[in-house]
Amino acid sequence: MVKIIASSVRKGNVLDVDGKLYVVLTAQNFHPGKGTPVTQVDMRRISDGVKVSERYRTTEQVERAFVEDREHNFLYEDGDGYHFMNPESYDQLTMSHEDIGDLKAYLQEGMTVILSVHEGVAIAIDLPRHVTLEIMETEPVVKGQTASSSYKPAILSNGIRTLVPPHISAGTRVVIATEDGSYVERAKD
């Protein structure tokens, strides 16, 4: 086990709290004008999936569990869950639908992801920062809109809604940030 300060906890980290393993869903640092800065951590207990919310002082020590982060390729999804393969050893790991959660919209066949493995079990997934998707539907350009200030709603090929600049039309391939589903840029391919 490694002790780290609470303010350095990030999404996807695995923490050991009272002998139980938790995967971090969100971690936010709050610095109020008065009082002690705190870190709000929302996590899911790996053993049974229960979600827990904890508050730590930013300088407090928390235990980070030893997990092995390895590259895996996404193969397919079926009733059992999501299947990944280690490209070096060809070992396959499966993650449940609950473990993947909202990230399933960004998974693409053959995509390389980082899986956090603890004692042979995949417990957390880290997607690439950006994915390229196609715009399926968006509103037409309205005359007089300036490109810098206004964004319009669009539906991506994975079904996610996002906001894009006015010059982007249906059929355009765009780069999307997997962290929050926001538009980054027009795809260069």
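1. Buried means under 20% relative accessible area, exposed means over 50%, and partly exposed is what falls in between. These cut-offs are used for the residues below. Note also that this is a predicted model.

2. Start with the chain as a whole. Its secondary structure comes to 1 helix and 16 strands. The C-alpha trace spans about 60 × 55 × 25 Å along its principal axes. The chain has 189 residues, and 38% of them count as buried.

3. Next, contacts and surface. Take the contacts between residues at least 6 apart in sequence: 42% of these join residues at least 24 apart. The chain exposes about 11,300 Å². Carbon and sulfur atoms supply 48% of that area.

4. Now the charges. The chain carries 20 positive side chains and 28 negative ones. The centres of the two sets lie 9 Å apart. Side chains of opposite charge can pair when their charged atoms come close. How many salt bridges does the structure hold? The count is 3. Each is taken in turn below.

5. Glu63 and Lys3 form one of the salt bridges, at 3.5 Å from N to O. Is Glu63 buried or exposed, or does it fall in between? Its relative accessibility is 27%, so Glu63 counts as partly exposed. Lys3 has a relative accessible area of 51% and is therefore exposed. That value can be checked against the cut-off of over 50%.

6. Glu68 and Arg70 form another salt bridge. Their closest N and O atoms are 2.6 Å apart. Glu68 has a relative accessible area of 35%, so it is partly exposed. Arg70 is partly exposed as well, at 37%.

7. Lys188 and Glu185 also meet through their side chains in a salt bridge. The N to O distance is 3.0 Å. Which class does Lys188 belong to? Lys188 is exposed, because its relative accessible area is 71%. Glu185 is partly exposed, with a relative accessible area of 31%.

8. Then find Glu68 with Arg70, and Lys188 with Glu185.

Terms used:
Residues are numbered from 1 along each chain as its sequence is written. This is a predicted model: local features need pLDDT of at least 70, side-chain atom pairs count only at pLDDT 80 or more; totals for chains, interfaces and linings use all residues. Side-chain values use heavy atoms; hydrogens and water are left out. A salt bridge is a side-chain nitrogen of Lys or Arg within 4 Å of a carboxyl oxygen of Asp or Glu. Buried means under 20% relative accessible area, exposed over 50%, partly exposed in between (1.4 Å probe, protein chains only). Helices (H or I, at least four residues) and strands (E, at least two) are DSSP runs, numbered from the N terminus. Contact means heavy atoms within 4.5 Å. Accessible areas come from the Shrake-Rupley method with a 1.4 Å probe; for residues, only the protein chains shown count as cover. Lys and Arg count as positive and Asp and Glu as negative; His and the chain ends are not counted. The place of a charge is taken as NZ of Lys, CZ of Arg, CG of Asp or CD of Glu.
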